[in-house]
Amino acid sequence: MRVETLGDGEPEVAVVAAIHGDEPCGVHAVERLLATDPPVDRPAKLIVANERALDAGVRYLDEDMNRAFPGAPEADTHEARLAYRLGEAIDGCRVLALHSTQSTAEPFAVADGVHDFARQIVPRLPVAALVDSANFVEGRIFASAPDCVEVECGYQGSVGAAENAYDIVRAFLKAQDVIPGHTQPREVPVFRLFERVPKEPGTSHEVHVENFSRVDPGTTFASVDDRAHVADTEFYPVLMSAHGYDETFGYSAERVGYVG
C-alpha cells in the first residue's frame with residue numbers, strides 16, 4: 001500500500017485508489033495530481049491500496065477487498081490484511097474511494113445511506129447520481145470509514161474513467177478545502193438499491209435498458225440466450241451490465257429524491 005501526503009500536519013481527508021487492482025483510473029488521478037504539485041491549504045492522504053493486485057493486473061489476489069473490511073491483521077487473505085491496514089490509514093478521515101465499472105461511462109457516487117457527509121460532498125462532485133447502497137454494504141470500505149463516498153468513475157480501463165477520476169479528485173479536494181478553488185453545488189438525484197438482479201449461466205447475456213432510466217412493468221430488461229427477463233414492477237437499473245458480475249446482472253433501485 002502506497003500512502004502519499006499532500007501538505008503538512010495530520011490529514012483528516014483521504015483519497016483511496018485501487019481497492020481493486022483492475023481499476024487503474026484512481027491511480028492515474030493520484031499520480032497526475034502529485035505531478036502537478038498543487039498548492040495545499042490543509043493536508044490530505046492519497047492512497048494506492050492494493051498494489052500487488054494492481055501490478056498483477058487482476059481484481060484481487062485472494063478475495064474481493066471491498067468485501068473484506070474491516071479486515072484483521074492476522075487474516076488468512078492478502079486483501080483482508082490489507083483492508084485492516086487501510087482502515088488504520090483512513091481512521092478519522094473523510095474519504096473518497098475511486099472505482100470503475102462495466103455498466104456506464106457516466107460517473108456516479110455510492111454511499112452507505114444518505115448521511116450528512118454524502119449530502120455535503122456529492123452535490124459538489126461531477127457525478128450524475130448518488131446511489132444509496134445501505135442494503136448491500138457488508139464488507140465494504142464503509143465499515144472502516146463512516147464518512148466515505150465511493151465514486152464509479154466510468155468504464156473500467158478507459159481513458160474517460162481516468163480523466164473523470166482526476167476531475168472528481170480535484171473537486172473533492174476543493175470541497176474539503178485541501179486545494180484552492182470553488183465548487184458550485186447542484187441537485188443530484190438519489191437512487192436506493194433494493195434488490196440484486198440474478199443472472200443465470202448461459203452462452204449469451206444481454207442488457208436491454210439504460211442504467212438510471214426507469215423500467216416499466218412488462219419491459220424485457222435483460223436476456224440469457226433466448227430467455228427473457230421481464231420486469232414485474234417499475235424499477236431503475238443500477239450497475240447493470242451483461243459482464244460486470246458472474247451471477248448478477250446488477251441491481252434494481254427506486255428513485256427517492258435529491259441531494260443538493
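Colleague: Is N50 buried or exposed?

Modeller: In this predicted model, N50 sits in the loop between β3 (44-48) and α2. Burial is assigned under 20% relative accessible area. The relative accessibility of N50 is 0%, so the residue counts as buried.

Colleague: Which residues is N50 in contact with, leaving aside its neighbours within four places in sequence?

Modeller: The loop that holds N50 runs between β3 and α2, and contact here requires heavy atoms within 4.5 Å. With neighbours within four places in sequence left aside, the partners of N50 are A18, I19, R59, Y60, M65, H78, E79 and L82.

Colleague: Where does the cis peptide bond that joins F69 and P70 lie, and what is its omega?

Modeller: P70 belongs to the loop between α2 (51-56) and α3 (78-89). The peptide bond that joins F69 to P70 is cis, with omega about 5°.

Colleague: How many disulfides does the model contain?

Modeller: A disulfide requires two cysteine sulfur atoms within 2.5 Å. For C25, the closest cysteine sulfur is that of C153 at 4.2 Å, which is too far for a bond. For C93, the closest is that of C148 at 11 Å, again too far for a bond. The count of disulfides is zero.

Colleague: Are C25 and C93 buried or exposed?

Modeller: The cut-off for burial is a relative accessible area under 20%. C25 has a relative accessible area of 3% and is therefore buried. C93 has a relative accessibility of 6%, so C93 also counts as buried.

Colleague: What span does helix α1 reach from its first C-alpha to its last?

Modeller: Helix α1 covers residues 25-36, twelve residues. At 1.5 Å a residue, the expected span is 16 Å. The span in the model is close to that value, at 17 Å.

Colleague: Which residues of α1 are buried, and which residue follows the helix?

Modeller: An α-helix has 3.6 residues a turn, so residues three or four places apart point the same way. The buried residues of α1 are C25, G26, V27, A29, V30 and L33. The helix is followed by a residue with positive phi, near 50°, namely D37.

Colleague: What is the strand order of the open sheet of three strands, and which are its edge strands?

Modeller: The pairing in this open sheet is antiparallel, and the order is β9-β10-β11. Neighbouring strands are turned against each other by 20° on average, direction ignored. Two strands pair on one side only, which makes them the edge strands: β9 (205-207) and β11 (227-230).

Colleague: Over how many bridges do β9 and β10 pair, and what is the bridge partner of H205?

Modeller: Strands of a sheet pair through backbone hydrogen bonds, either parallel or antiparallel. β9 and β10 (residues 220-224) pair in the antiparallel sense, over three bridges. In β10, the bridge partner of H205 is V224.

Colleague: Where is D225 placed, and what is its phi?

Modeller: D225 lies in the loop between β10 and β11. With a relative accessible area of 30%, D225 is partly exposed. Its phi is positive although the residue is other than glycine, with a value near 55°.

Colleague: Is D177 buried or exposed, and what is its phi?

Modeller: D177 is found in the loop between α5 (159-175) and β8 (188-198). The cut-off for exposed is a relative accessible area over 50%; D177 has 51% and is therefore exposed. Its phi is positive, in a residue other than glycine, at a value near 60°.

Notes: Residues are numbered from 1 along each chain as its sequence is written. This is a predicted model: local features need pLDDT of at least 70, side-chain atom pairs count only at pLDDT 80 or more; totals for chains, interfaces and linings use all residues. Side-chain values use heavy atoms; hydrogens and water are left out. Two strands pair if DSSP finds at least two bridges between them. Helices (H or I, at least four residues) and strands (E, at least two) are DSSP runs, numbered from the N terminus. Axes are lines fitted to C-alpha atoms, for helices over the stretch in contact, and angles run from 0 to 180 degrees between N-to-C directions. Buried means under 20% relative accessible area, exposed over 50%, partly exposed in between (1.4 Å probe, protein chains only). The expected span of a helix is 1.5 Å times one less than its number of residues.
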